[in-house]
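Thanks for coming. I will go through one protein today, starting with a pair of strands and ending with the cores.

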Amino acid sequence: MKEPSRTAILFQEEAPLGMTKYDRLLYILTLLRSRRNLNARKLAEECGVTERSIYRDIVALSEASVPIYYDNGYKLASENFLPPLNFDFDEYHCLRLALESSPLSKTAKYRTPMKRIKAKVEAGLSESVRKKQRFTPETTRIDIATTTEEERGERYYGMIEEAITSWRCLYLEYDSINTGFTCRVVEPYFIIFKGRAFYFVGFCRLRQDVRTFRIDRVAGLKLLDERFTRQDDITPESYFEGSWEVYSGEPVEVVVKLRGSAARVVLSGRHHPAESVERISDEEVLYKVKIRGLDEIQRWLLGFGAEAEVLAPAELRERMGEVVKQLAEMYGIGRKRVK
């Protein structure tokens, strides 16, 4: 089957989506090296442009002495002009796993660049690595679960990152779980992926404090011209130090007696950098950890049910007891049966 006529190249090329023409030409070369049976339609889908643009690109590559021919898809007559990358198989396998499992692939800004990186890596592999890859079964798969609402995340991620790099303020419409819908001006410091979602940290002028904002809870965003001076002592390491996961608060020591399967869980691995575990018996342990904020560890402990007894602080013990009381009322536990 022949490729359609190239007369369409006489029309003006449309602006490419997401990459310059130079980047697109390099991307086409890497695609041709790593995949088969790529016609103009498939290349256009990969590059985010029209088929007319691809026809013009093929002509441009041919005029630059790149040996391209068409046989059930575009192919390279020679690959000598593109030297292989010096990756061994383990290095390639590690890089591919990192790219495929990264939460950045969920963002509109980085999804396309990551596809291009993967294509370039695969296109530059040596023949020995290619051969081993073809005959090696998939042994490892990393699935990092996210609860990000993708439409909002895609819409605002790039704008927040631009504000961080240019030190510009953001006008933020935010739907907080605790306080509901608010409008505020924020000085953004950094973006971080923790738990199952992307967050950004910045100084909130409404609260006059540094706060954490989940990106997919942003309801509206505007990049302001006003610039701010960043506080150098606020880094991801310092800001989240002592937190159970995302939430923050005053440092407090939590002491819990765990038994049964809950005890075996905490003995099987490390759950926080500042924890200590002491055996009481074969079936019981004393778990101590110094953290900032109680909400997240409370949810974790509730998952153990009656196998976890909070000894300190008193506030957390009272909160756990209140939850148990509410559950008992909800499920009618302790009510007298009416005959």
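Look at strand E5, residues 197-204, which pairs with E6 in the antiparallel sense over 6 bridges. Strands here are DSSP runs of E, at least two residues, and helices are runs of H or I, at least four, numbered from the N terminus. Two strands pair if DSSP finds at least two bridges between them. Val201, for example, has Thr212 in E6 as its bridge partner.

A word on the source: this is a predicted model, where local features need pLDDT of at least 70 and side-chain atom pairs count only at pLDDT 80 or more, while totals for chains, interfaces and linings use all residues. Residues are numbered from 1 along each chain as its sequence is written, and side-chain values use heavy atoms, with hydrogens and water left out.

Back to the sheet. It is open, with 5 strands in the order E6-E5-E4-E3-E7 and antiparallel pairing. Which strands stand at the edges? They are E6 (209-214) and E7 (218-227); each has a single partner strand, so one side of each is left without a neighbour in the sheet.

Now the cores. A nonpolar core is a set of buried Ala, Val, Leu, Ile, Met, Phe, Trp, Tyr and Cys residues joined through side-chain atoms within 4.5 Å. Buried means under 20% relative accessible area, with a 1.4 Å probe and protein chains only. The largest core has 22 residues, and Ile28, Leu43 and Ile54 are among those touching the most other members. Helix H1 (21-34) is one of the elements giving two or more residues to this core, and H1 supplies the largest share, 6 residues. Apart from this core lies another, of 20 residues, including Trp244 and Leu301.

Methods
Buried < 20%, exposed > 50% of the residue type's maximum accessible area, 1.4 Å probe, protein only.
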